[in-house]
Amino acid sequence: MKVAVLDFGKTNSKLFVFDQDGRILGERRTKPAWTRKGGFSVLDEAVLHDWARGAVADAVDTHGVEGLMVSGHGCTFALVDEAALTHPILDYEQEPPAEIAAQIDRSIPDFAETFSPRLPLGFNYGRHMLWLKAVEPAAFTAATSILGYPQYWSWRFSGRAVSEVSYLGCHSHLWAPRQHDFSSLVDAEGWRGQMPAFARAGTVIGEQRFGEAARPIAIHNGVHDSNAALHAYRRQRLGPLTVVSTGTWVVALNPDCPLEVLDRDRDMLVNVDVDGGAVPTIRFMGGREFATISGGWQGAITPSAIQHAIDAGMMALPSFAPGGPMPGRRSEIVGDTPNAEQRAAVALLYVALMVDLCLDLIHSQNTVIVDGGLNTGGLLASLLADLRPGQAFLQGATLEGSATGAAALAFESVGRDFAAEAPEPVRALHFAGLAGYRDDWRGRAN
């Protein structure tokens, strides 16, 4: 059996074809396009749909794919009737006008109920739902279903609308983790009736034909991307874990952290795993910050460039994007003006130091798995292992933990084994002066 996974990220969208042994047999990539419509920044859904449908058709024709699974980034919802969107999908990186923000923010439930901190822009998608309802109530009146982003794409291909707990529980303001139920906001706004019945991530919810295949393939219910990465490693029974999932967002999930230590002012929250369990989490927009600090660097970074940045005292101080554990601080780069690779080294050091801080705040003392695109070449994991010598570090055998976890859910749902490669021990690299650099960074950042 082979499964195609559409992994819809904010910056990059990808399709992977997985075999049962965990191998990636093929992949395609694109970048979502955002446009202006009706005063909002919205997804060019038609272009992304055409790309996705073509990529899946090619996977079916080339690899004999039998199922389609979706993994999706957080912070995004869709309103649909029986056939189509009732409003274009909002870009979560936009702030409501001040007068509307003041009005809608009074409706937000308390952190103690939802464990969703009050974040800017649409980082809580319930906030964007309130904004859209305030200015275009007809979009809600016309909608038969309110869907999370992965569920939109599962519905788009299967025709069946369902809800899924890992996405609804993703700092949305819509879920009460301790009650395992919708939050008071959902009932106050009258949305419960528009929330479809739940299906577990990976469940087969329909079928569709793609390409030249004579028979349809199964469509599986989608999943929140970071929770898919968590599932990818939990299923391997590696013991207590903190998963650091990296992409546009860097998300650290530690199921062993007490809920009582979560600080709403430092982008700490509860995610919800695919079975509804609370997962204490901290995050920052690390991929976006890396790109900003590095000037869009795409190449490799050498250990010698890291060592030079440490020796020269070049460092980036937070924050270069909204949210995160140090919100509101004015970002700056201090020290000598670096060349292009040195600037990228400073950016990677920044990400490592932010992850190190996040691991402290999320009370991580168990094994840490570093996953995702910011760990290309293993250098980020090596920096973290050097910063935290008393803690065990592993890294994903591939960079695609979210897609791998999504594939595992699809295979498991139909009773098939899925033998993904186990994570690998991190190869230790030791950088002279790194501990002192960290102390200096923390002193300047606080």
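This is a predicted model: local features need pLDDT of at least 70, side-chain atom pairs count only at pLDDT 80 or more; totals for chains, interfaces and linings use all residues.
**Exercise 1. Find the order of the strands in the seven-stranded open sheet, and name its edge strands.**

Step 1: Walk across the sheet from one side to the other, and you pass S16-S17-S15-S14-S20-S21-S22, with mixed pairing.
Step 2: Look for strands that pair on one side only; these are S16 (268-272) and S22 (424-425), the edge strands.
Step 3: Now zoom in on one pair. Strand S15 (residues 250-253) and strand S17 (residues 278-284) run antiparallel and are joined by four bridges. Ala 252 faces Ile 282 of S17 across this pair.

**Exercise 2. Work out whether the end-to-end span of helix H15 agrees with its twelve residues, and where its buried residues lie.**

Step 1: Helix H15 covers residues 434-445; at 1.5 Å a residue, its twelve residues should span 16 Å. The C-alpha atoms at its ends are 16 Å apart, so the two values agree.
Step 2: List the buried residues of H15: Leu 434, Tyr 437, Arg 438, Trp 441, Arg 442 and Ala 445.
Step 3: Look down the helix axis. The buried residues of H15 fall within an arc of 130 degrees, so they line one face.
Step 4: Turn to the face away from the buried side, where Asp 439 and Gly 443 are exposed.
Step 5: Ask what covers the buried residues of H15. The cover includes helix H11 (303-312), strand S18 (315-317), H12 and helix H13 (379-387).

**Exercise 3. Describe the largest nonpolar core and the residues with the most contacts inside it.**

Step 1: This core has 118 residues, and Leu 6, Trp 191 and Ile 306 have the most contacts inside it.
Step 2: H12 supplies the largest share of this core, with 16 residues.
Step 3: Take Leu 6 as an example. Beyond its neighbours within four places in sequence, Leu 6 has contacts that include Trp 51, Val 56, Leu 68 and Phe 157.
Step 4: Another core, of 19 residues, lies apart from the largest one; among its members are Phe 16, Ala 228, Ala 403 and Ala 410.

**Exercise 4. Decide whether Phe 140 is buried or exposed, and find what it touches.**

Step 1: Locate Phe 140 in helix H5 (residues 137-142).
Step 2: Its relative accessibility is 5%, so Phe 140 counts as buried, the cut-off being under 20%.
Step 3: Leaving out residues up to four places away in sequence, Phe 140 touches Leu 79, Met 129, Leu 132, Lys 133, Ile 146, Trp 191 and Gln 194.
Step 4: Check one of these partners. Met 129 is eleven residues from Phe 140 along the chain, and their C-alpha atoms are separated by 9.1 Å.

**Exercise 5. Find how many residues of helix H6 are buried, and what follows the helix.**

Step 1: H6 (residues 149-158) is mostly covered, with nine of its ten residues buried.
Step 2: Among the buried residues are Tyr 149, Trp 153, Trp 155 and Phe 157.

Key. Residues are numbered from 1 along each chain as its sequence is written. Side-chain values use heavy atoms; hydrogens and water are left out. Two strands pair if DSSP finds at least two bridges between them. Helices (H or I, at least four residues) and strands (E, at least two) are DSSP runs, numbered from the N terminus. The expected span of a helix is 1.5 Å times one less than its number of residues. Buried means under 20% relative accessible area, exposed over 50%, partly exposed in between (1.4 Å probe, protein chains only). The arc is that of the directions from the helix axis to the C-beta atoms. Contact means heavy atoms within 4.5 Å. A nonpolar core is a set of buried Ala, Val, Leu, Ile, Met, Phe, Trp, Tyr and Cys residues joined through side-chain atoms within 4.5 Å.
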